[in-house]
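Hello,

Here is the structure I promised to hand over. Please have it open while you read; my notes follow below.

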Amino acid sequence: MFNKKLITDIDVKGKRVLARVDFNVPIKDGKVEDDTRIVAALPTIKYLLDHGAAVILCSHLGRPKEGPDPKYSMRPTAEHLSKLLGKPVAFSDECVGPVAEAAAKALKPGDVLVLENTRFYKGETKNDPEMAKQLAALADIYVNDAFGSAHRAHASTEGVAHYLPAVAGFLMEKEIKYLGEAISNPKRPFVAILGGAKIVDKIGVIRNLLKIADTVLIGGGMANTFFKAQGYPMGESLVDGEALETAREILQDAGPRLRLPVDVVIADKFDNNAHTKIIDVGAVPEGWAILDIGPETVAAYSKVIKDAGTVVWNGPMGVFEMPNFAKGTFGIAQAVAESQAVSIVGGGDSVSALNQSGLSDKITHISTGGGASLEMLEGLTLPGVAALQDK
Ligand code: AMP
């Protein structure tokens with residue numbers, strides 16, 4: 001299934017290895033707030049160190065607009081990694097160029113260096129071959145372990161792979177194995193749950209999943225656009241006007257595989273303390289908005305999830321940031337956790353709901369990459385993976 005060379009397929013001893021990791025983590029007051037993604041890269045980093053490589057790590061962090069910005073420095077991730085590894089981790093203020101080259105040259109086997117944010121350089125997102133060559137000049141081997149960035153063809157995720165022997169890390173392999181298996185050879189029934197605010201980002205995903213899944217359960221703000229397409233007045237609910245026609249087409253083609261909520265929680269303001277009502281799906285009164293799926297929907301969806309062989313979930317069922325509109329999302333989290341199905345959850349909000357309810361360990365695979373996992377579910381090839389050497 002995973003047909004790319006892995007770090008175990010090449011000799012890394014005595015080599016300098018440039019590993020693209022996904023250290024795009026939340027930083028607060030110069031400290032790493034949530035280290036899930038750093039921890040997820042440890043198996044690859046430790047393997048390389050244990051096998052006599054010098055490890056150079058690069059990643060992007062946030063979306064710096066115009067060059068270097070201390071707010072988006074990778075330095076806190078280097079400090080945090082040093083604690084996790086229990087050894088010093090060097091840091092280079094430059095990602096490419098003479099400073100980075102000198103820092104890379106100084107490394108001995110077993111040493112670790114973190115480079116500054118790849119996105120401080122314009123060449124990164126442009127996939128500029130010059131930047132890719134400069135990155136390649138730092139090392140003998142390139143490893144991509146940044147699944148969360150693999151859907152982007154950037155200099156550090158794709159370009160550099162053309163200038164060095166390029167292989168996958170363990171996290172990349174794991175993510176693609178679970179998602180790839182779900183898509184190409186799922187244990188059935190295969191149930192997909194999609195939520196979140198906007199349909200536009202997920203139209204391709206819905207279409208592809210309708211071809212391969214047995215049931216697609218829709219929740220969150222994107223259900224509203226389908227309701228509107230069915231002709232219901234939606235009050236103040238979030239509706240994606242531009243996607244209405246597409247929503248109509250999908251409804252026409254989908255048949256019973258596509259399931260929409262049967263009841264919803266409405267509110268008279270976008271506020272946790274708003275007045276609320278639970279109504280059957282239909283006309284939303286003027287001035288009111290749908291902010292969550294209702295209890296009957298949670299029960300109906302939970303039943304489908306319980307009988308599933310494979311469950312893939314991406315996106316919240318409501319405005320779960322407000323406790324009064326979080327019941328739908330937490331109810332679905334509970335159902336996914338209780339199901340015997342192979343369960344794969346991606347996307348920051350769904351993962352955060354699972355963490356908040358302490359249910360993460362009941363999930364088969366929690367994906368570190370929201371966007372990348374959606375592109376896989378859409379049936380697209382990830383450029384960061386395509387560029388690696390075949391087995
Ligand atoms: P996305 O980035 O598309 O996955 O959307 C996530 C966001 O969708 C979360 O911040 C939710 O608060 C929001 N959301 C979910 N359901 C609704 C809804 N019914 N109305 C407005 N926003 C929603």
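Start at Asp29, which is found in the loop between strand 2 (27-28) and strand 3 (31-32). Helices (H or I, at least four residues) and strands (E, at least two) are DSSP runs, numbered from the N terminus. Phi of Asp29 is near 50 degrees, a positive value in a residue other than glycine. Asp29 counts as exposed, because its relative accessibility is 74%. The cut-offs: buried is under 20% relative accessible area, exposed is over 50%, and partly exposed is in between, with a 1.4 Å probe and protein chains only.

Two points on provenance. This is a predicted model, in which local features need pLDDT of at least 70, side-chain atom pairs count only at pLDDT 80 or more, and totals for chains, interfaces and linings use all residues. Residues are numbered from 1 along each chain as its sequence is written, and side-chain values use heavy atoms, with hydrogens and water left out.

Other backbone points

Asn127 also has a positive phi, about 50 degrees, although it is not a glycine. Asn127 lies in the loop between helix 4 (122-126) and helix 5 (129-136). The peptide bond from Arg188 to Pro189 is cis, with omega near 0 degrees. Pro189 sits in the loop between helix 6 (170-184) and strand 9.

Two strands pair if DSSP finds at least two bridges between them.

Strand 9 (residues 190-194) pairs with strand 15 in the parallel sense, over five bridges. Here Ile193 has Trp313 as its bridge partner. Strand 9 also pairs with strand 10 (residues 215-218), again parallel, over four bridges. Ala192 stands opposite Val216 in strand 10.

Which way do the residues of strand 15 point? Thr310, Val312 and Asn314 point one way, and Val311 and Trp313 the other way. All of them are buried. Strand 15 covers residues 310-314 and is mostly covered, with five of its five residues buried.

Strand 15 pairs with strand 16 (residues 342-346) too, in the parallel sense and over five bridges. The bridge partner of Val311 in strand 16 is Ser343. From strand 15 the chain crosses through helix 11 (residues 327-338) to strand 16, and this β-α-β crossover is right-handed. Right-handed has a set meaning: with the strands pointing away from the viewer, the path from the first strand over the helix to the second runs clockwise.

Another strand pair

Strand 14 (residues 289-293) is largely enclosed by the rest of the structure, because five of its five residues are buried. Four bridges join strand 14 to strand 12 (residues 263-267), and the two run antiparallel. Ala267 has Ala289 as its bridge partner in strand 14.

Helices

Helix 7 (residues 203-212) is mostly covered, with seven of its 10 residues buried. Among the buried ones are Ile203, Val205, Asn208 and Ile212. Thr44 is placed in helix 1 (residues 36-50). Is Thr44 buried or exposed? Thr44 is buried, because its relative accessible area is 1%. A polar contact of 2.8 Å joins the side chains of Thr44 and Asp145. A polar contact is a pair of N or O atoms within 3.5 Å; within protein, one must be able to donate a hydrogen and the other to accept it, and residues adjacent in sequence count only if both atoms are side-chain atoms.

The ligand

There are 14 residues around the ligand. Ala197, Gly221, Ile290, Gly318 and Glu321 come nearest. A residue counts as near if one of its heavy atoms lies within 4 Å. By class, the shell has six nonpolar, four polar and four charged residues. Ala, Val, Leu, Ile, Met, Phe, Trp, Tyr, Cys and Pro count as nonpolar, Asp, Glu, Lys and Arg as charged, and the others, Gly among them, as polar.

A backbone N or O atom of Gly221 lies 3.0 Å from a nitrogen atom of the ligand. For Ile290, a backbone N or O atom also lies 3.0 Å from a ligand nitrogen atom. Glu321 places a polar side-chain atom 2.4 Å from an oxygen atom of the ligand. The protein covers 78% of the 510 Å² of accessible area that the ligand has on its own. Accessible areas come from the Shrake-Rupley method with a 1.4 Å probe; for residues, only the protein chains shown count as cover.

Best wishes
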